[in-house]
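Let's take a walk through this protein, one piece at a time. Keep the structure open beside you and follow along.

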Amino acid sequence: MFKRTLLRQAQASRSLLSVRSASTAPLAVRRTSQFQQPQLLRPFALPTARCYSTENKAENGDKEQKEGVESEAQDPVAKELEEKKKEVVDLKDKYVRSVADFLNLQERTKRDMDNARNFAIQRFAVDLLESIDNFDRALLAVPKEKLGAAKTEENKDLLDLVDGLKMTQNILLNTLQKHGLERFDPGEPTEDGKPQKFDPKIHEATFMTKVEGKEDGEIMYTQSKGFTLNGRILRAAKVGVVKNT
């Protein structure tokens, strides 16, 4: 019994010494005893997938940065191009307007020159109208009976004077007609043989009266003949108009 007790105490003391020696051993030795490969000797490495994702992000960032730089470099060019386009449109509009104004001015100048050429003698022609009317008054002063009589020694001078007045009147009217001045007589019948109707555009009614056998508005008397200058009324004819109602 005593030997067994001593043996047990000896085994207990051995186990206690082994535990103390293990607790006092270095950290690296204890970890080595617990693990086959120490953690401190393992190399540090990142996961493969994480490295790839980082590279892709870096590449995307570089691309975005490059695109941003390119866009910043292209923005002034695009802005200048847009301004030039607007300037071209504005200049084209001004050019078209200038051409239109020039054409209008050219047409207006041509029209004014034509009017000046056609109506340059208007004031001169107006001053001649009274002289032309005097030829008619002089011819009307001679009775028709004497004008229709045969030429004799007694009326030879009168008939020669009438012929000279008519010749001078015709030469004057033909000369004025070459320059656009023409005379019209409202007392002459129309092509169908009827009297002319009153037209306020070319006639001036000096009086109205009743006349049997004539229609209202017909011209029954011509006080003075009218004149036109290149189609424009220079002087309206003065007439008497029939008004039965």
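Start at Gly-240, which touches Thr-206, Phe-207, Glu-218, Ile-219, Met-220 and Tyr-221, leaving aside residues up to four places away in sequence. Keep in mind as you look that this is a predicted model. Gly-240 sits in strand β6, which covers residues 237–242. Is Gly-240 buried or exposed? Its relative accessible area is 0%, so Gly-240 counts as buried, the cut-off for that being under 20%. Now look for Gly-187: along the sequence, 53 residues separate it from Gly-240, yet from C-alpha to C-alpha the two are 9.9 Å apart in space.

Now step back and take in the whole protein chain. It has six helices and six strands. In what order do the elements run from the N terminus on? Trace the chain and you'll read α-α-α-α-α-α-β-β-β-β-β-β. Of the 245 residues in the chain, 16% are buried, and Gly-240 is one of the buried ones. As for contacts in the chain with a separation of 6 or more, 59% of them come from residues 24 or more positions apart.

Next, go over to the helices and pick out α4 (residues 122–140) and α6 (residues 156–178). Their axes come within 10 Å of each other and cross at roughly 150°. Because angles over 145 degrees count as roughly antiparallel, α4 is roughly antiparallel to α6. The crossing of α4 past α6 is left-handed. Which residues make this contact? On the α4 side, look for Leu-128, Ile-132, Phe-135, Asp-136, Ala-138 and Leu-139. On the α6 side, you'll find Val-162, Leu-165, Lys-166, Thr-168, Gln-169, Leu-172, Leu-173 and Leu-176. Sorted by class, the contact between α4 and α6 has ten nonpolar residues, two polar ones and two charged ones.

Finally, head back to the strands and find β4 (residues 226–229) and β5 (residues 232–235). These two run antiparallel, and three bridges join them. Together β4 and β5 make a hairpin, with two residues between the strands.

Definitions and conventions
Residues numbered from 1 in each chain as written. Predicted model: local features only at pLDDT ≥ 70, side-chain atom pairs only at ≥ 80, totals over all residues. Heavy atoms only, no water. Pairing = 2+ DSSP bridges. Helix = DSSP H or I, 4+ residues; strand = E, 2+ residues; numbered from the N terminus. Axes fitted to C-alpha atoms, helices over the stretch in contact; angles between N-to-C directions. Parallel < 35°, antiparallel > 145°, perpendicular 65-115°, else oblique. Left-handed = near helix turned anticlockwise from the far one by under 90°. Contact = heavy atoms within 4.5 Å. Nonpolar A, V, L, I, M, F, W, Y, C, P; charged D, E, K, R; others polar. Buried < 20%, exposed > 50% of the residue type's maximum accessible area, 1.4 Å probe, protein only.
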